[in-house]
Every structure is written in structure tokens, then in C-alpha cells.
Amino acid sequence: MFNRDKKSKNENVSVSRRSFLKGVMATSAVAVIGPSLLVPNTASAATIAERAEWKLTGSHWGAFRAKIHGGKVTEVKAFELDKYPTDMLKGIEGIIYSPSRVRYPMVRLDWYLNREKSDTKQRGDNRFIRVTWDQALDMFYEELERVQNTYGPSGLHTGANGWRATGQLHSCGSHMARAIAMHGSSVKDVGDYSTGAGQTILPYVLGSTEVYAPGTSWPLILDNSKTIILWATDPVKNLQVGWNCETHDSFEYLEQLKDKVAEKKIRVISVDPVKNKTQNFLGNEHRYINPHTDVPFMLAVAHTMVKEDLHDQKFIDTYALGFDKFLQYVQGETEDKVEKTPEWASEICGVPADEIRDFARLITNGRTQLLFGWSIQRQQHGEQPYWMGAVLATMIGQIGLPGGGISYGHHYSSIGVPSSGAVGAGAFPRNPDSGKPIRHESKDFKGASSTLPVARFVDALQNPGKVIDANGSKITFPDIKMMVFTGCNPWHRHQDRNKMKAAFQKLETVIAIDYNWTATCRFSDIVLPACTQYERNDLDIYGSYRAKGLLGMKKLVDPLFQSKTDFQIFTELTKRWGKSKDYTQGKSEVQWLEQLYNESKDANAGKWEMPDFHEFWKEGYFHFGDGENWTRHADFREDPEVNALGTPSGFIEIYSRKIARFGYEHCKGHPMWFEKEERSHGGPKSDEFPVWMQSCHPDKRLHSQMCESEAFRATYTVQGREPVFMNSADAKKRGIKDGDIVRVFNDRGQLLAGAVVDDNYPVDVIRIQEGAWYGPEDESIGSLCTYGDPNNLTIDIGSSELAQATSANTCQVEFEKFKGKVPAVNSFGGPKEVV
Amino acid sequence: MKKLFSMIARSWGVFSKPSKHISLGVITCGAFLAGIIFWGGFNTALEATNTEAFCISCHSMEENNYKEIQSTIHWSNRSGVRATCPDCHVPHKWSDKMAAKARASKDVFGWLLGTVDTKEKFEAKRLHLAQNEWARFKANGSLECRNCHDYKSMDFTKMSEKAQVQMRGAAERDQSCLDCHKGIAHHLPEMDTTAISELGKMAKNLEGHSFEVGKEYYSLVQTPLYKDEKETEYLGVLTPATKFKVIAESGNRLEVELVTWHKAKGYGRVLYFDFAKNIVQATLSKEASQDESLFVRGDKREDDLTGLPWEQVTFTLWVDKKGYEENLQNIWDYAKGAYQTTCSVCHTQPAEGHFDANTWVGMFAGMQGFVNLDGDTHDVILKYLQNHSSDYSKDAH
């Protein structure tokens with residue numbers, strides 16, 4: 001019920017009928033086969049089919065039992081403790097058996113011929129040559145040596161971390177980081193693409209990064225809130241995936257909330273330009289707002305609260321600092337000298353002034369819980385709406401009360417589900433063991449910074465030596481010559497493909513380790529095949545952040561083709577400088593698993609009596625159970641002196657002197673409205689590119705993961721292309737019909753996508769979900785993306801001098817019906833092998 | 001007589017038809033009678049098990065739990081109201097009572113088998129037994145406490161301010177009493193044997209060392225602070241890795257001097273390492289933080305970054321003679337290792353010098369909930385990061 005398709009698009013599906021039917025049959029079989037067949041019944045095993053084994057494992061999409069037959073995964077069935085499994089489980093088989101699998105170690109043709117002196121303009125032509133594992137690892141090692149000897153640590157970047165496959169032992173980022181740190185130092189990243197602005201601004205305001213922090217328990221929200229504001233958040237869509245193995249416990253509460261909405265016991269309002277999946281599920285009210293204009297709207301709400309004396313002055317006086325300075329801005333006495341009246345805001349945000357006033361009255365009448373999503377901080381000046389949200393919550397005065405205050409994470413990884421408090425498994429160590437020698441001891445970054453704000457790495461490639469501001473420091477860009485990525489796809493998550501293409505031409509060597517041939521593999525020089533998580537044994541917590549239990553992740557099938565575990569790959573790499581024993585600490589995979597399990601067992605002793613490892617492994621999981629309800633910031637509310645916030649003053653900082661003294665132009669002492677580089681609905685550049693493109697997290701993928709799952713992808717693509725969702729008036733105006741191929745473009749790039757006409761989207765707003773695999777027609781700058789990766793069009797600028805985070809959601813485009821010969825989709829299927 | 005018999009027999013036959021061996025009538029009447037007898041007997045017997053006399057009829061209960069309660073306010077108080085065993089340990093609701101009785105029947109076997117028939121055996125089981133009761137109180141929101149102590153009937157204004165803060169908050173959340181009030185009627189189980197921190201072990205290893213007056217030492221674990229050499233109620237707690245100077249020794253205590261800063265706003269209950277640096281050295285009760293006989297005021301300055309006034313304060317207080325570290329580096333070595341291991345599970349841990357001391361508080365707070373650190377280790381990692389932050393480290397960037 002959470003995956004209700006807007007409409008059937010079967011007529012537009014371009015996969016072969018056979019593969020489509022195969023997908024449908026595989027998924028419908030899940031419903032038909034009952035649990036009686038789950039246990040292999042050898043006594044009556046008359047046919048081979050009945051000898052099939054069922055094995056339990058986990059993933060970002062949830063835990064599941066897989067049927068193994070003929071050495072292959074033939075069926076996937078949700079783990080019985082997962083009451084609300086995601087539809088995406090249907091895509092798992094397609095990941096394992098994707099035609100995009102990285103099968104063998106591959107080297108880019110021109111790099112193979114000319115090494116670091118290769119013609120880097122050819123990078124992206126996808127022509128590769130197969131080599132042996134030994135050859136590939138020798139090259140990897142020789143390149144590490146060359147770069148450390150020639151350039152030192154500032155020449156090597158290894159900091160990129162992505163959504164690694166789940167599992168604590170084989171967590172790929174840890175393996176790469178440990179192995180390479182045993183060889184020498186390199187440039188690292190800080191922050192991430194999801195919450196870069198939020199996690200930087202909030203420690204100054206609320207004293208912690210907040211975005212991943214435990215949130216007030218859902219039962220307390222359901223019992224105490226009178227009003228819930230879902231501010232640019234779509235939990236029904238986003239809670240399908242988790243950083244650890246999900247069991248989707250949040251959905252139980254969302255169902256209860258749906259009932260309470262229907263019974264009019266809780267009023268829920270989605271503040272969003274789009275009527276999103278959650279709103280359609282809950283059946284709640286919609287507060288349309290122009291894209292990018294949350295801050296003017298909120299400023300006018302604050303203006304009304306003060307004017308009508310709706311704010312909690314006592315709470316502000318006790319728990320916050322700097323309200324007076326902020327108020328002067330609201331009343332037009334400072335900065336732009338404009339009074340932030342509802343009439344002023346109405347012009348910008350498209351909400352009638354009286355409705356802004358009503359909103360202020362509503363959120364100050366009874367217990368109000370503000371739940372913010374991440375999309376509004378993934379835009380230029382993304383620090384501001386988060387800061388301003390905290391100011392509104394402070395003015396309401398319910399921070400620290402159950403069902404009141406503000407959260408920035410209830411749409412993510414089971415935040416809000418009461419935590420069991422159990423200790424999960426640790427992980428394979430990311431750092432070299434202390435006291436062991438490092439092959440290259442140098443930590444000389446030649447005056448450059450050793451850590452970059454993650455989303456500024458392309459700027460660094462283009463401008464070595466340039467100094468930028470970031471979070472109160474000066475960052476000097478290092479001169480990067482070589483990058484290594486594992487389980488990380490910058491060619492999906494980073495903005496502005498054509499800028500990236502040019503920047504990557506400056507790199508001498510790029511190494512990618514992955515299980516499927518992402519665009520990052522296409523733009524690399526050496527590609528190593530890792531196996532999927534379904535081809536190795538591991539441990540993970542389930543229930544995601546709230547630790548409902550510990551899961552033994554069984555290897556379902558042997559690694560396909562020549563793929564290997566990360567553990568093996570880096571053991572063999574470190575062997576090249578004689579340190580593989582240090583790397584593994586002399587322990588095998590199973591010894592590590594047992595150790596990680598025992599650490600968890602010991603840490604939980606007294607609270608949970610966990611069985612020994614072998615018994616656990618046989619059983620498959622250990623359930624910790626439910627946790628206790630908890631209220632965010634309750635301790636601070638109770639005793640702000642002893643339980644001070646982590647802000648400089650220990651109080652909520654409506655005004656931050658610390659930020660003010662950085663002297664930044666686009667992040668000053670208190671939240672403010674700044675006009676964007678480009679903005680729809682009358683904003684800058686909207687005359688040329690009138691349409692705002694949002695590139696939010698996908699509904700049927702985890703970022704770019706599972707896009708390569710053929711049959712599942714076919715359930716949502718349009719003529720084989722990524723869907724672009726648009727309003728019917730916008731479509732009509734351009735002569736576009738549902739199912740047409742359209743070209744979406746701006747002055748940064750162009751892509752093809754398949755039109756889905758959907759009036760959940762307002763005029764001048766389209767959505768292309770991020771994670772759509774990049775498939776350029778060729779390696780040249782400006783070439784058309786054949787599949788529909790929205791980051792062809794997004795802008796690559798920092799949110800501000802403070803966070804320097806991604807501004808992906810600041811993006812104006814135009815689109816048209818595509819005419820001419822339609823190029824084939826070329827994102828999938830791996831490299832062009834040259835023999 | 002025969003006629004009468006046959007009449008009875010005939011009517012009896014109606015009852016006897018469906019069953020071949022025992023008639024429905026026998027079942028019905030028999031069950032009815034037995035029910036009366038059983039019910040009466042059951043309730044009588046059940047009531048008997050609900051008396052204090054029954055509870056302490058077993059040796060273990062009398063020797064341990066019963067003796068312990070006699071020194072508490074629930075046994076004797078100025079109002080003459082006494083809580084007996086069943087008042088707290090037997091649910092008042094019938095169905096819950098039956099469930100509790102069923103569970104408690106295990107204790108009878110325990111008594112037969114001698115599971116806790118010695119002091120040592122009882123102590124070994126104490127934590128387990130206590131946890132069962134705590135879980136029950138947790139589940140019912142401490143219902144048995146609240147049969148007498150009701151949030152609705154509490155007059156908060158009659159409480160001390162410190163108590164008010166806690167109790168108002170608890171009432172607002174309808175919090176279970178046992179969340180905070182554990183060990184009020186019986187001794188607390190020895191819990192640190194199961195969850196002793198690494199720092200606790202370091203402290204234990206250093207126990208028994210002699211102290212030198214005039215010398216400086218560092219706390220390893222959260223350490224209670226006292227007003228003098230005898231007082232048992234503590235005034236506050238030192239965090240790990242806090243420096244103090246021994247100025248006198250007496251019996252089992254040391255008189256120590258703490259040179260710290262506090263915010264000259266509010267009660268100044270939190271003592272910090274340095275001017276305008278939120279590096280916590282100790283937390284005091286409101287009374288202690290206001291007691292001028294315990295401290296000397298020094299320099300007073302305003303922190304430009306927050307506008308808050310800060311004041312140097314030198315406290316003279318007492319601590320128990322326990323294990324303290326002379327070499328701070330030993331503590332930092334432990335903290336560094338714990339930081340690198342624990343905080344690299346999910347991501348590359350930022351360099352210590354990447355943030356300043358006050359920013360570390362917020363960065364660290366955001367990551368809680370992902371790592372399970374005992375209180376001492378939590379405090380010491382944060383202090384390690386703060387003490388090696390860009391404020392104090394030369395190689396910061």
C-alpha cells in the first residue's frame with residue numbers, strides 16, 4: 001500500500017516482454033508460496049526444486065529470506081519481522097544478476113597503453129581492456145607508490161564515502177581507508193551530500209548536528225501532538241531504505257497517524273510545492289509554497305507571531321539567546337530594512353497573506369510537532385531554512401516536550417522508533433592499528449588542506465591552490481592527481497556532469513571498486529570487481545538506527561564472475577608491500593565475524609543473554625525487541641544549565657555571534673532571506689528557464705543503487721527512460737503527452753527522460769529523481785544523457801561560505817518534446833570490452 | 001421406594017444421556033460444588049500469600065529484603081504509614097495479580113531447591129531479581145508506587161527547587177517512578193561488576209596508592225565531591241580527566257583544590273576547564289554552587305562570542321581516596337584509542353584539531369545514539385577532543 005503506483009505505464013515499457021513477465025512472475029510468486037516450503041524437507045524431497053535452500057540476509061531495503069536453487073537466487077521473501085516490507089525487495093535479484101555487473105578487472109584502453117600520461121579526454125568513452133587480478137592490483141599499488149613519491153599525500157584523494165552495501169565486516173569504505181592509510185596519507189572529505197548544510201548550521205543553533213540524531217518517539221508524537229507539520233518531508237517514500245538493515249517499524253506509526261488524520265484527532269499539514277507520497281497516503285492537508293521560499297514564509301509567520309503575541313516569550317528568555325537582534329530584522333530595522341510582513345512574503349512565496357497569518361495561529365495553538373525533511377537544505381543558502389525552522393520552534397516554545405519542538409530526521413532510518421539501546425556489531429577497523437609502521441610516513445600536504453567539504457571536490461580539481469571559506473576556516477585546495485572510489489558513485493551524486501567531465505580530465509589516475517558498472521566506473525582508469533553483499537557472510541543491525549536486533553547476513557551464492565570481497569581485495573593489495581597480516585590482524589573472515597559478534601554479545605551482557613556465535617549463526621538473528629519512549633531535548637528543557645546544548649553558549653542561538661564574526665555574505669548572525677542564483681515563479685533566470693527541477697531521493701531506488709536492476713527498473717521507466725513528473729498544463733503547453741520522450745535542458749546540460757503527467761505537481765515544477773544512471777551519448781562535454789540523470793542539469797555551487805554543501809535543488813530548466821532519432825539508452829550493460 | 005428410585009433414575013437419565021461414563025449432571029453439579037470450595041479456598045490461600053508474614057517466611061526474604069527495608073522511609077516515618085511487601089510487589093489489579101502469582105510460584109521452587117539460601121547466593125542473584133522487578137515497574141509505570149504517590153496530588157511548590165525541576169518534568173512525561181528512584185527500599189545491586197568501564201578498571205588498578213599533599217592528580221571516573229571528610233551526601237561530581245591538587249588527607253578522604261571557571265549567570269553549577277570553553281570539569285548541586293564557604297572567586301570576564309559573563313572559581317572540596325592518575329597522558333592515550341575505534345565504525349573520524357573545543361560538544365552530541373559508550377568513556381573522549389581541538393593544538397587547520 002506504500003508503493004501505490006500512480007498509474008500503469010505498461011504500454012510504455014520498452015524491455016522485452018519476456019524479461020518483464022519474468023520480473024512479474026518472480027514477484028508474484030512471493031505472495032503465493034507459503035511458509036511451509038521455507039524449511040527444506042529432505043525426507044520427501046522428490047524433486048530438485050524441493051531441495052532449494054532458504055537463507056536469511058539483509059540490505060538497506062530490509063532483511064529477507066532468499067530461495068537458492070541451482071546455485072542461484074530464485075526468489076526473495078521479506079523477513080517475517082518486517083511488517084511493512086518495501087516493494088524494492090523485488091529489485092534485489094536484478095542487482096545480483098544485472099547485465100551491468102563488473103565481471104573482471106578492467107583497465108581503460110588509453111590508460112592501459114599510456115598510464116598516467118593517457119589522453120584523459122577519452123575518459124568516459126567506456127572502452128576497457130580486461131586484465132588479471134594480479135595485473136590490476138600491481139597497477140593499483142604502482143600508482144599509489146608513484147603518487148606518494150611524486151606528489152605526496154596531497155596528490156591522492158580517497159575520502160569519498162557513499163552508501164556502502166550493508167554489513168559491518170565488509171563495509172567497503174573501511175577496507176579502502178584502512179589499506180590506503182597503511183600505505184600513506186591522502187586527502188579526505190567532511191560532510192555528505194544528504195545533509196551537508198543542515199549538519200553544519202545546526203550545531204551552532206541547537207548544539208548538535210540533529211539530522212541523524214535520535215528523535216522524539218512516534219508514540220509520544222501520536223499521543224501528544226495536536227498538529228504535525230511535515231515540512232518538505234516525504235517519510236512514506238524515504239523510510240523504505242535505511243543506513244543499516246531496515247525493518248520498517250516507522251510504518252506502523254504512520255498507519256496510526258493516518259487513522260488519526262481520518263478521525264480528525266491530529267491535523268497534519270504538508271508544506272511542499274508537490275503533493276507528495278506521504279500526503280497521498282495520510283490524506284492530510286497541503287500547504288503549497290513556491291520552491292525556495294520557505295524562509296520568507298517563515299519570517300512572515302514569525303512576524304505574525306510577534307504581532308499577535310502568539311510566541312512564548314518566557315521560553316525564549318529562558319532557553320535562547322539573540323531573539324532581539326532577529327526581531328529587529330523581522331521588523332525591518334536592520335539589514336535590508338524591509339518589514340517581513342505576510343504581504344511582503346506573499347509576493348515571494350505565493351501564499352496569500354491571510355493564510356500565512358492562519359498558519360502562525362495554527363502552529364501556536366496547542367502542541368505542534370515540526371518535522372523537517374532534507375530537501376530544503378540541499379539548495380543554495382540551505383543553512384537558512386533549517387536555522388529559521390529552529391527559530392520558529394523556539395518561538396512556539398515546545399522544544400523538549402513530547403509531541404512538540406522540531407525534528408530533522410523522522411523520515412530517515414527508523415528515527416522516531418523507540419531505540420532498543422542494544423549494542424550492535426562493531427566494524428572492521430577503518431584505521432591502521434596504532435604502532436604499526438606506515439609505508440609512506442609523509443603528512444606533508446604542501447600547504448594545502450587535508451580535508452575538503454565533500455561537495456567541493458570538483459572545484460578543487462579545477463582550482464588547485466585556491467583558498468575558499470568553509471565553516472570558519474580557510475580551505476586551500478590540494479593538487480589532486482589520483483582518486484580512489486569504493487562503493488561510492490560521485491558520477492551520480494555530484495552536480496553538473498559537464499563541469500565534472502572537464503575536471504576529471506585533470507586527473508592522472510582514477511580507480512573504482514564496485515559490483516556494478518556505474519558511471520563512476522565508466523570515468524575511471526582501473527575498475528575492480530567487488531562481489532555484492534549477497535555473495536559474502538556478514539553481520540548487521542536490523543531496525544536500522546534503532547537497533548531492533550542483530551542479523552547474520554548469510555552468503556546466498558558464490559561471488560559471480562571474478563568478483564571478490566573487499567576483505568580479499570585489500571588483503572591482496574596490502575600484500576604488495578608486505579603488510580597483509582597487519583591488515584587482517586592474521587584473522588580470517590569467519591574469525592572476524594565471530595569477534596564482531598562477541599563484542600556485541602559482551603556489550604549487551606546483563607541486558608540480553610545472547611547465544612554463542614555458532615548458535616546465533618544457525619538461528620540467523622537475535623531480536624533485542626522494542627525500546628522505551630524518549631523525548632528530544634527534554635533534558636535541556638528540564639535543566640538547561642547542567643544539560644546545556646552544544647552551542648557556544650549552551651542555549652539555543654537565534655543569533656550566533658560566532659557565525660556573525662566569520663563575516664560571510666550568505667550566512668550571517670541570524671536566519672535571513674537571500675535571493676537565489678536562479679529561482680522559479682518569477683525569480684532570477686526564470687524568464688529563460690522557467691521550470692524548477694527537483695531531484696529528490698527516488699521512490700524505487702536507494703540513490704543510484706538498484707537502477708541497474710533491469711526488470712524492476714522496467715516497472716517505472718517510460719520508453720526505457722527515467723520518468724520526469726510534470727503538471728498537465730505544463731505538458732499541454734509544450735505539446736507533450738504522457739509517455740513521450742522529452743528533452744530537459746538548461747545552460748549546463750541536457751538529458752532525455754520519459755514524461756509522466758501528474759497533477760500532484762504544480763505548474764513550473766518538475767521532478768526527476770536523483771540516482772538515475774548517467775548515460776552520455778559519448779565522452780564529449782555537453783553530450784546528451786540518454787537515460788535521464790538529473791545531475792546533468794544541477795548547479796555545482798556551495799550552499800554558502802559556511803557549509804559549502806551541495807545546492808542540487810537550486811535548478812532552473814526548460815523542456816520540450818524530443819524530436820529526431822532517439823538514441824539508445826547506454827547507461828547499463830558495462831564497458832565496451834576491447835580485445 | 002422403587003417407584004421413587006425409578007423416577008429419579010428416569011430424570012437422571014436425561015442428564016446421563018450424552019456421556020457413557022460420567023454424566024453431564026455429575027460434571028455440572030460437581031464442578032459447581034468444587035468451584036465454591038475451590039474459590040473460597042483459593043482466595044483464602046491467595047490472601048494468605050499476600051501477607052508480609054508469608055513473604056518473609058522464607059529465610060532469604062527475611063534475611064535480606066526484609067532487613068533492608070527496615071532502615072528506609074517506607075518502614076518508619078513521621079506519619080506512621082508503612083508499606084509492606086505486597087503493597088509494592090503484588091499488583092492490585094486481579095489479572096495482573098494472577099500473573100504475578102504465577103511468576104512468583106517459581107520462587108517457591110527456588111526456596112525448595114535452595115537457589116538463594118545463602119547471603120552470597122542471594123547477592124549473586126540480586127541484580128537479576130532486581131531487574132525483573134524494575135522491568136515490571138517500568139511496564140506498569142510504577143503503578144504500585146502511584147497508588148500512594150500520585151502526580152496529580154503533588155504540591156510541587158512544597159518541594160525544594162531542585163526536586164521541583166525533576167518532578168515537574170517527570171509529571172509532564174508521566175514518568176515511571178522507578179526510572180529514578182531505584183534502591184529506595186532495598187539495597188541496590190552491585191552493578192558495576194557487570195558494566196565497569198575501562199577507566200574504572202584503570203582506577204581500580206591504582207587503588208591503594210599513597211597521595212602526596214601539594215601534588216596534582218586526575219580523576220579517571222565520575223567522582224563524587226563532598227563538603228568535608230565525613231559528610232555522606234555528595235555535592236557534585238567530577239568528570240573523568242579533571243585535574244585537582246591534594247591539599248590535605250583525612251581518613252578515607254582527600255581535601256582537594258579545583259581551579260575552574262563557571263558562567264556567572266544562573267547558578268553556575270557547571271565548572272569548566274578554561275575561560276569560555278565548554279569543557280566540563282564538574283557539576284555541582286545548586287546549594288554547593290551557591291555556598292560561598294566552598295570557593296574563592298577570581299578573575300571575571302565576558303565571553304565575546306556569546307555575551308555571557310564568566311568567572312574563575314577555586315573550589316575546595318573532598319573526594320574519596322580512590323584510584324587517581326598522575327599522568328594525564330595515560331588517560332588521553334586511552335581516550336584516543338577509544339575515539340579512533342568507536343567513531344570510525346560509520347565514517348572517517350574527523351581530526352581532533354578540525355573543530356574548536358566548543359564546536360566539539362555539538363559535533364559529538366550529534367553522534368550519540370550511534371555508539372554505546374559508558375558515561376566515563378563518553379566524557380573522556382569528548383574532553384580528549386576538546387583538549388586537542390584547534391583551540392589547544394598547534395597543528396590544527
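What area is buried between chain A and chain B, and what percentage of it do carbon and sulfur atoms give? In this predicted model, the area buried between the two chains is about 3,600 Å², and carbon and sulfur atoms account for 51% of that area. Chain A contributes 45 residues to the contact, and chain B contributes 46 residues.

Between chain A and chain B, 13 residue pairs are in polar contact, both members of each pair being at pLDDT 80 or more. The salt bridges between chain A and chain B number four. A salt bridge joins the side chains of Arg657(A) and Asp304(B), with an N to O distance of 4.0 Å.

On the side of chain A that touches chain B, at least two residues are supplied by each of three elements of chain A, namely strand S7 (188-190), helix H25 (634-638) and helix H26 (657-662). Of the elements concerned, H26(A) provides the largest share of this side, with three residues. Sorted by class, the side of chain A that touches chain B comprises 16 nonpolar, 18 polar and eleven charged residues.

The organisation of chain B was considered separately. The domain assignment divides chain B into domain 1 (45-132), domain 2 (141-173) and domain 3 (193-397). Between the C-alpha centres of domain 1 of chain B and domain 3 of chain B, the separation is 41 Å. Asp304(B), which meets Arg657(A) in the salt bridge described above, has a residue number within the bounds of domain 3 of chain B, 193-397.

Methods: Residues are numbered from 1 along each chain as its sequence is written. Chains are lettered from A and ligands numbered from 1 in the order in which they are written. This is a predicted model: local features need pLDDT of at least 70, side-chain atom pairs count only at pLDDT 80 or more; totals for chains, interfaces and linings use all residues. Side-chain values use heavy atoms; hydrogens and water are left out. Domain bounds come from an automatic or database domain assignment. Contact means heavy atoms within 4.5 Å. Buried area is the accessible area (1.4 Å probe) that two parts lose on being put together, summed over both. A polar contact is a pair of N or O atoms within 3.5 Å; within protein, one must be able to donate a hydrogen and the other to accept it, and residues adjacent in sequence count only if both atoms are side-chain atoms. Helices (H or I, at least four residues) and strands (E, at least two) are DSSP runs, numbered from the N terminus. Ala, Val, Leu, Ile, Met, Phe, Trp, Tyr, Cys and Pro count as nonpolar, Asp, Glu, Lys and Arg as charged, and the others, Gly among them, as polar.
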